[in-house]
Number of protein chains: 2
Amino acid sequence: MSADGTAAAQHVLQAIDGIAPDGVRGRERTKARLMRAAYEVFAEVGLDGASVEAICERAGFTRGAFYSNFSTKEELFFELVRAVTDRKLEAVSQRVDGLRAQDAALTPNELVQSVLDGTVEGLLDVVLMSEIRLRAMRDDETARAYLAWASSLIDRVEGMIESLATSYDLRLRLPARDIARLVLTVWEDALITAAIERIDDEGLRRRAELRTQQLALALVDTAP
Amino acid sequence: MSADGTAAAQHVLQAIDGIAPDGVRGRERTKARLMRAAYEVFAEVGLDGASVEAICERAGFTRGAFYSNFSTKEELFFELVRAVTDRKLEAVSQRVDGLRAQDAALTPNELVQSVLDGTVEGLLDVVLMSEIRLRAMRDDETARAYLAWASSLIDRVEGMIESLATSYDLRLRLPARDIARLVLTVWEDALITAAIERIDDEGLRRRAELRTQQLALALVDTAP
DNA sequence: GTCTATAGACAGATAGAC
DNA sequence: GTCTATCTGTCTATAGAC
């Protein structure tokens, strides 16, 4: 399941990004489409509220296709969680590495934004992540996966903050790791609140940027 | 429904606090017990996962009692949300007023903790609030209620922070309202993470206190 | 003795799994 | 497409409070 799961995740990344997985045929393609459909339906009506029927209808298949690819709705959910978290993690890592390569002439604010931008696709992601956290509170397997992912994410952001502090000779008012946690927390909270306020995807990001920027300014002293 | 709803909420507060509502008989008592049971069951298996049957079983009634008191599971959920948010808001308000009365000789950290302590009963609250937020992302009525409550809560904390800043002659590195939002966000996030890490109610609070304390220290300069 | 809350059975609907 | 399980919401008879 692990090797297969990873492969499937790759294809879902493509599917989610709107790129039809051309090299992939038949089974894999069906799987990716089912996951993409599930991603949308879960975000709309929740994990419990989503019927297998609704997922299949959205994907343009019948239930037969579903049970041929997944043994249960839960299994699909886990693969989906993995695909989404992998994508976010990958996006952040790439940005971190990218800005390490070019010794950027950007302001710290722009850097933070540019890195965190990679963690959001839009409203669907916000809802799905909330669903995952909620499930993690009740289900041990989800909890383990979530904690591992979250700590990886903090690692990356922490690394970025340390890089920044060194490059720009900044004095941090808290340890880099704590700032990383704070930044991610504020970012996520801004997105959640914006989602509840029914702000569109564009405003969503602007709001989150504003809040995070503000926090960053308050937590950093420029060296004399 | 509004007057009745408020009355029922009062009784649920008692029921939730473990105090049997003695003066109340029959109908009101049944309602309070059903809400207390629902509170627990919702936290355990989620709003969707909770069957009316399960709630009634927990409360020691049959479904007849349920439908005699609520027209639907949703109605019960809304009354419950109202009772829980009212209780939190009330608790915070009381603490804020309390520490305004006595010109406290506490440290700012102790004050923040003492105020925020009122917002948590334990793990159940954390789970239920997450459930409410998630629902608010999809349901307009829940969204309105949640936003109104959240802004009231920020108001109170903002007021407290302003009081503190004046009394202790503190220089805030951000506007009081933004600090209030930050403090509440960090507090909630710490609770959520602790819940996912399966930390007990005691540790839950300690963790949240630590994080919030740290944030407060970083955002406040003591005047020279 | 009346009135209301509760119990428990019942029917219609829908979901998951094969 | 079928089969089974489960859940909701209704309905009626009863038990108990005032």
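Predicted model: local features only at pLDDT ≥ 70, side-chain atom pairs only at ≥ 80, totals over all residues.
Local features were taken at pLDDT of at least 70 and side-chain atom pairs only at pLDDT 80 or more, whereas totals for chains, interfaces and linings use all residues. Residues are numbered from 1 along each chain as its sequence is written, and chains are lettered from A and ligands numbered from 1 in the order in which they are written.

Chain A contains 10 helices and two strands. Helices here are DSSP runs of H or I with at least four residues, strands are runs of E with at least two, and both are numbered from the N terminus. Along the sequence the order is α-α-α-α-α-α-α-α-β-α-α-β. Chain A has 224 residues, of which 41% are buried. A residue counts as buried if 20 or more other C-beta atoms lie within 10 Å of its own, as exposed if 12 or fewer do, and as partly exposed in between; the C-beta atoms are placed from the backbone. Contacts join residues whose C-beta atoms, placed from the backbone, lie within 7 Å. Among contacts in chain A with a separation of 6 or more, 60% link residues 24 or more positions apart.

Two copies of a chain are related by a rotation about an axis and a shift along it.

The contact between the chains draws 28 residues from chain B and 28 residues from chain A. On the side of chain B, two or more residues come from each of α2 (26–49), α7 (123–138), α8 (140–168), α9 (176–196) and α10 (201–219). Helix α9(B) provides the largest share, eight residues. By class, this side of chain B has 16 nonpolar, five polar and seven charged residues. Ala, Val, Leu, Ile, Met, Phe, Trp, Tyr, Cys and Pro count as nonpolar; Asp, Glu, Lys and Arg count as charged; the others, Gly among them, count as polar.

Helix α7 of chain A (residues 123–138) includes A:L134. With 22 other C-beta atoms within 10 Å, A:L134 is buried. Its contacts, leaving aside neighbours within four places in sequence, are B:S130, B:E131 and B:L134. Of the 16 residues of α7(A), 13 are buried, so the helix is largely enclosed by the rest of the structure.

The largest nonpolar core has 122 residues. Such a core is a set of buried Ala, Val, Leu, Ile, Met, Phe, Trp, Tyr and Cys residues joined through C-beta atoms within 7 Å. A:A38, A:V183, A:L191, B:A38, B:V183 and B:L191 touch the most other members. B:A38 touches B:I55, B:L76 and B:L80, not counting residues up to four places away in sequence.

DNA strand C is surrounded by 18 residues, the closest being A:S51, B:T30, B:G64, B:A65 and B:S68. At least two residues each come from α3 (52–59) and α4 (63–69) of chain A and from α2 and α4 of chain B. The largest share, five residues, belongs to α4(B). This surface has four nonpolar, nine polar and five charged residues.

DNA strand D is surrounded by 10 residues, with A:R63, B:S51, B:V52, B:Y67 and B:T72 the closest. Helices α3 (52–59) and α4 (63–69) of chain B each supply at least two. Helix α4(B) gives the most, three residues. The classes are two nonpolar, three polar and five charged.

A:D169 has a positive phi, near 55°, in a residue other than glycine. A:D169 lies in the loop between α8 (140–168) and β1 (170–172) of chain A. With 10 other C-beta atoms within 10 Å, A:D169 is exposed. B:D169 also has a positive phi of about 55°. B:D169 is in the loop between α8 and β1 (170–172) of chain B.

Definitions and conventions:
Contact = placed C-beta atoms within 7 Å. Near = placed C-beta within 6 Å.
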